[in-house]
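Have the sequence and the 3D view ready, and let us walk through a protein together.

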Amino acid sequence: MALLEVTNLHKNFDQLQVLKGISFSLEKGQTLSVIGPSGGGKTTLLRCLNFLEMPTQGKIVINGQDGPQILFDSAAGQALSPAQIRQNRLHFGLVFQNFNLFPQYTALQNVSLAPRLQAKANPEYRRDRRAAEQAIQNKSVELLRRVGLGDKLDFYPHQLSGGQQQRVAIARALALTPDVLFFDEPTSALDPELTGEVLNVIRQLAQEDMTMVIVTHEMSFAAAVSDTVLFIDGGVIVEQGPPSQVLGQPREERTRQFLRGFQKN
């Protein structure tokens with residue numbers, strides 16, 4: 001069974017249909033890149049998978065550490081409770097376009113905040129708070145070192161470059177050990193010279209078999225790191241397959257038209 005299975009996913013905003021039946025599966029350790037024109041539904045897809053938006057129709061199944069779980073199934077006809085939504089989100093980490101760091105917290109505090117909040121609900125935290133806090137601190141430091149920011153632990157976001165802020169955001173998304181890590185155009189807010197440092201971190205995660213879904217406009221990067229590429233336009237999957245096919249020898253004219261807009265490196 002695939003780690004993530006998405007079946008016939010729809011999302012409507014009143015009368016506007018943004019997603020019109022998206023289906024795909026993702027194996028553990030694979031990287032899926034989602035490409036397509038602005039307004040085609042890419043970001044909405046990520047927001048539905050992370051339950052920042054509630055899908056209108058379809059099914060989402062995760063085969064995570066606790067076995068297969070149905071996170072959403074419109075056929076069940078039952079709305080998810082706030083507690084269920086919070087639980088569903090624990091399976092996923094999301095890295096936004098614009099970092100979304102808390103400006104009043106240091107890099108280390110930004111990374112450790114969510115694990116600390118989660119730990120406080122655990123009886124073990126109340127039994128030995130000092131040990132729990134130390135474990136959270138150690139893991140957060142290790143994550144920042146992992147993204148090349150071991151010397152920036154006590155820096156605030158305004159003291160960091162855009163690329164450094166995005167790497168803090170990646171460490172923060174990894175802090176709760178998600179089953180799948182989502183990236184929503186992680187380099188779109190960066191100057192070109194800062195793009196490479198963020199892409200290098202994502203490339204390293206791919207080599208470490210982190211399961212990822214990446215919405216990106218970096219075609220050469222998608223070709224290098226992806227196991228599968230989805231081309232979405234108008235809320236539907238126009239074409240999907242290995243990058244050598246979708247990006248190298250696309251079968252659909254709409255895909256070829258879209259790719260002609262990108263200068264080949």
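Here is a short tour, one topic at a time.

## Before we start

This is a predicted model, in which local features need pLDDT of at least 70, side-chain atom pairs count only at pLDDT 80 or more, and totals for chains, interfaces and linings use all residues. Residues are numbered from 1 along each chain as its sequence is written, and side-chain values use heavy atoms, with hydrogens and water left out.

Find helix α7, which runs over residues 192-207. Helices (H or I, at least four residues) and strands (E, at least two) are DSSP runs, numbered from the N terminus. The 16 residues of α7 reach 23 Å from the first C-alpha to the last, close to the expected 22 Å; that expected span is 1.5 Å times one less than the number of residues.

Which residues of α7 are buried? They are Leu 194, Thr 195, Val 198, Leu 199, Val 201, Ile 202, Leu 205 and Ala 206. Buried means under 20% relative accessible area, exposed over 50%, and partly exposed in between (1.4 Å probe, protein chains only). Seen down the axis of α7, the buried residues fall within an arc of 155°, so they line one face of the helix. The arc is that of the directions from the helix axis to the C-beta atoms. An α-helix has 3.6 residues a turn, so residues three or four places apart point the same way. On the other side of α7, Glu 193 and Gln 207 are exposed.

## What covers α7

The cover over the buried residues of α7 includes β3 (31-35), α5 (129-146), α6 (162-174), β7 (180-184), β8 (212-215) and α8 (219-225). Look at Thr 195 in α7: this residue is buried, with a relative accessible area of 8%. Leaving out residues up to four places away in sequence, Thr 195 touches Thr 187, Leu 190 and Glu 218, where contact means heavy atoms within 4.5 Å.

Now move to Thr 31, in strand β3. Thr 31 is buried too, with a relative accessible area of 1%. Beyond residues up to four places away in sequence, its contacts include Ala 206, Met 212, Ile 214 and Val 225.

## The largest pocket

How much space lies in the largest pocket? The answer is about 740 Å³. On a 1 Å grid over the protein atoms alone, a pocket is an open set of points where a 1.4 Å probe fits, with protein on both sides within 12 Å along at least five of seven lines; lining residues have an atom within 4 Å of a point.

The pocket is lined by 22 residues, and Arg 89, Leu 90, Phe 92, Ala 114 and Leu 176 lie nearest its centre. Elements giving two or more residues to this lining are α2 (82-89), β6 (92-95), α3 (107-119) and α6, and α3 gives the most, with five residues. Thr 195 and Arg 89 are 27 Å apart in space, C-alpha to C-alpha, and 106 residues apart in sequence.

## Helix α1 and some positive phi angles

Helix α1 (residues 42-49) is mostly covered, with six of its eight residues buried. Among them are Leu 45, Leu 46 and Leu 49. After α1 comes Phe 51, with a positive phi near 65°.

Asn 8 lies in strand β1 (residues 4-13) and has a positive phi of about 50° although it is not a glycine. Asn 100, in the loop between β6 and α3, has a positive phi of about 55°. Asn 100 is partly exposed, with a relative accessible area of 42%.

Technical notes
Grid points are joined across faces, edges and corners, and a volume is the space filled by probe spheres set on the points.
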